[in-house]
Amino acid sequence: ATPTAVMVGTGKAAELGILIGDGEALETTRRVTAVVLDKTGTITRGRPDLSAVHTTTTWEHRRHELVALVGEAEAGSEHPVAAAITAHATQHGSHGGRIRATSFEAVPGQGIIATLRTTEAEPRVLVGNQAHMTAHQIDTAPLAQTAAEAAAQGGTPMYAAIDGQLAGLFVVADPVKPESADAIAQLKALGLEVWMVTGDNTGTARAIAAQVGIDHVMAEVLPADKARRVASLQAAGHITAMVGDGINDAPALAQADLGIAIGTGTDVAIAASDITLVGGDLRTIVSAIALSRRTVATIK
Ligand code: ADP
Ligand code: MG
């Protein structure tokens, strides 16, 4: 590629809100055959709200107490689902005395474990997905059907257990960005294969994928495995672009032939990428690909 054409290309891209590292990234953009989109924060807004709290019969009359306990347990987590739960707990949780956490542990891709101290007890609180409950021998059967229904609607269900017993189900909903479906339709129209990758459960992932027109879904992928999933597409012959925003996404962004960070995301994700979308609008990827095809055609 001639330096002048590349400068023109990257300059035009900047006007569109796309920061392209170098001429090589522009050339790779042109050759992409599969786009892998992270779900949370990329396809969806990344700021979920709590949409429902369900309890087991044991906790039915202590719902506000459960909300307060789970809210306090989540206070130590940086995950977006935690923010939704703690915000709800601030408004709707209540407990006779003071609660504080004496220990906290986050299990990536699964949930959290916290020990709390209240005036009368020291409850051990687990919050997370089915894998997290299975790992701690919590029987989720009483709320499993409710969880499956929530997932089918696109919600993310998280079980809560107190002292080794299932107590409740917290459902958060993270709405898709208004432009996501349009962007995905345009990527498919350019002949690209579009994939979703997420740590979220299969039911939720399928429901969101259906809302935005994605046919290929990789769900329940642990943070450490996202890069491996990108590598398997590469092994199948694809030139891959990975789009993500989170710290979790950094290894996959680095693994992909083209890493595309959402500018509103974490610095770690941006550092691991070849391209940054200044805003969070996925349609700018379509513009980038169209532009790269035009620019490289001019060079030839
Ligand atoms: P992603 O960022 O792709 O949505 P993660 O790998 O971060 O996925 O998380 C996967 C799943 O683990 C979440 O959908 C949720 O069910 C569970 N999880 C993660 N962090 C927490 C948390 N702080 N509290 C409860 N559940 C959590
Ligand atoms: Mg994300």
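**Cores and helices in a predicted model**

Student: Which residues touch the most other members of the largest nonpolar core?

Tutor: This is a predicted model, in which local features need pLDDT of at least 70, side-chain atom pairs count only at pLDDT 80 or more, and totals for chains, interfaces and linings use all residues. Residues are numbered from 1 along each chain as its sequence is written, while chains are lettered from A and ligands numbered from 1 in the order in which they are written. A nonpolar core is a set of buried Ala, Val, Leu, Ile, Met, Phe, Trp, Tyr and Cys residues joined through C-beta atoms within 7 Å. The largest has 50 residues, and those touching the most other members are Val35, Val36, Trp195, Met196, Met242, Ile260 and Ile285.

Student: Which helix gives this core its largest share?

Tutor: Helices here are DSSP runs (H or I, at least four residues), and strands are too (E, at least two), numbered from the N terminus. The largest share, 5 residues, comes from residues 283–299, helix α13.

Student: Where do the buried residues of α10 lie?

Tutor: Buried means 20 or more other C-beta atoms within 10 Å of a residue's own, exposed means 12 or fewer, and partly exposed is in between, with C-beta atoms placed from the backbone. In α10 (residues 226–235), Lys226, Val230 and Leu233 are buried. Directions from the helix axis to their C-beta atoms define the arc; it spans 55° here, so these residues line one face of the helix.
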